[in-house]
Amino acid sequence: MKPARSLVAASLAAALLGGGLAACGDDDKDIAAPVSDTKDSGTDQGSTSTAALTPKGTGNPFADAITAAGHMPMTAKALAGGIATGTKMKGSADSPAAELRSGLTYLLTEHVYLAGIAVATAYHAGADSPEFKLAAESVDDNSVRVSKAIGTVAPDEEAGFLERWRSHVTDFVNYAVAAKTKDADGKKKAVDNLTAYAKSSGAFFEKISGGTMKAKDVEASFNEHIGMLAKAVDLFAAGDTKAYAALKDAAGHMPMMAAYLAEGVDKATKGEGDPNDDASALRATLTDYLTSHVYLAGVAVFTAYTAGADSEAFAASAKAVDTNSKDISKAVGSIAGKEKGDAFYASWSAHVTDFVNYAVADATNDQAKKDSSLANLDAYRASAGAFFESITGGVIPASAVADELKVHIETVAGVIDSLKAALVK
């Protein structure tokens, strides 16, 4: 028996707010959190490290990217909460509504990046390669987490939702294959399937929200998602360096979809808080930007290892990373003032450069330079902590920021180690 609409709507809110789509939290069963445990990378570094920070990797760069990105919503929550309190911002970054919007932002943004990385891997290593198999498994990991959230709403819907969601992922894969082989009929068939999926998704979300979400609006949002991701795939297939900006743009659409879905659920359930208040919006924005930072950095390292650090492709991927850095800096500047935003950008960009230097040293087995890069990143933790303590009037302790950044640095370094192991032969 299908649950009544009011029960479905109430259950949806309970599931999403109780951890089903919470991006990061204390609950070990948090659906949106990465499912793999971090451990020291087994990659042979050629010598013993003397760095204070220890890269955490598993040898699987795609699973490690999920782990690294999965920490970012927690950081976004801490920063948004402190900034909102310190600046007396309207709303609450800790409300159930804010949790809902941030969680949806994380999952949907991740979906786009993992799909893009999988396509790039297929084009580089082949769709029958071990590397693509690992990338595809990571895409499916995200799919399962999304479907489990739906399953906590209506158990009899979970299997069907997962089947349809996986089918739309498969259609994107088929589109990518057709784009690479210049198969116009294959592309059209994939687009037709994806368009039908958008329509059925509209009806699905209207049903489970009791009508607070309109089918036509959800359908339109999904169609925009399809068009933007397809554009990125076309550019990757053509070897066009504009693909990196297009992938970032496609991911940038997902927070808007998340905001609409969160508002629909909140209205249906009369939930606590407002997903659109200033503090909620700040948390969602930081979740988007910080999650994108990790994935764009991973894409850039992937590109450096596959196309060369002196290639036009790497320059384009690095530009996408820098655009993201400017996005974050503008968000900081909008709160703390342009001067502090500019100072943040300079410091943040330097930490990005240290990750690039780490990746270059990793590829050449230069342990001394790796340790030097990690030392710089360790120093960045202290300066970033002091910065956020200052702009929040002490609401965010410097030590808390430093602790958050320790996890960030170690997990991203682990991604780099695993990419090196997988791609540098």
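Q: How many cavities of 30 Å³ or more does the count come to?
A: The model is a predicted one. A cavity here is a set of grid points where a 1.4 Å probe fits but cannot get out. By this rule, the number of cavities of 30 Å³ or more is 3.

Q: Which element gives the largest share of the lining of the second largest cavity?
A: The second largest cavity holds about 80 Å³ of space. Elements that give two or more residues to its lining are α2 (61-70), α10 (278-307) and α14 (398-423). The largest share, 5 residues, comes from α10.

Q: How many residues of the lining of the second largest cavity are charged?
A: The lining of the second largest cavity includes Pro61, Phe62, Ile117, Tyr295, Gly298 and Leu419. Gly counts as polar and Pro as nonpolar in this scheme. The lining divides into 10 nonpolar residues and 1 polar residue, and the number of charged ones is none.

Q: Which residues is Phe205 in contact with, leaving aside its neighbours within four places in sequence?
A: The largest nonpolar core has 105 residues, and Phe205 is among the members that touch the most others, with Phe222, Tyr295, Phe344 and Ile416. Contact means heavy atoms within 4.5 Å. With neighbours within four places in sequence left aside, the contacts of Phe205 are Phe161, Met213, Val218, Phe222 and Leu261.

Q: Is Lys88, with its positive phi, buried or exposed?
A: Most residues other than glycine have a negative phi. Lys88 has a phi near 55 degrees, and its place is in the loop between α3 (72-86) and α4 (96-125). The relative accessible area of Lys88 is 73%, so Lys88 is exposed.

Q: Where is the place of Lys182?
A: Lys182 also has a positive phi, near 60 degrees. Its relative accessible area is 73%, which means that Lys182 is exposed. The place of Lys182 is in the loop between α6 (155-180) and α7 (184-208).

Q: What percentage of the contacts in the chain with a separation of 6 or more is between residues 24 or more positions apart?
A: The chain has 14 helices and 0 strands. Of its 425 residues, 55% are buried. Among contacts with a separation of 6 or more, the share from residues 24 or more positions apart is 75%.

Q: What percentage of the accessible surface of the chain belongs to carbon and sulfur atoms?
A: The accessible surface of the chain comes to about 17,500 Å². The part of it that belongs to carbon and sulfur atoms is 56%.

Technical notes
Residues are numbered from 1 along each chain as its sequence is written. This is a predicted model: local features need pLDDT of at least 70, side-chain atom pairs count only at pLDDT 80 or more; totals for chains, interfaces and linings use all residues. Side-chain values use heavy atoms; hydrogens and water are left out. A nonpolar core is a set of buried Ala, Val, Leu, Ile, Met, Phe, Trp, Tyr and Cys residues joined through side-chain atoms within 4.5 Å. Buried means under 20% relative accessible area, exposed over 50%, partly exposed in between (1.4 Å probe, protein chains only). On a 1 Å grid over the protein atoms alone, a cavity is a set of points where a 1.4 Å probe fits but cannot get out, and a pocket is an open set with protein on both sides within 12 Å along at least five of seven lines; lining residues have an atom within 4 Å of a point. Grid points are joined across faces, edges and corners, and a volume is the space filled by probe spheres set on the points. Helices (H or I, at least four residues) and strands (E, at least two) are DSSP runs, numbered from the N terminus. Accessible areas come from the Shrake-Rupley method with a 1.4 Å probe; for residues, only the protein chains shown count as cover.
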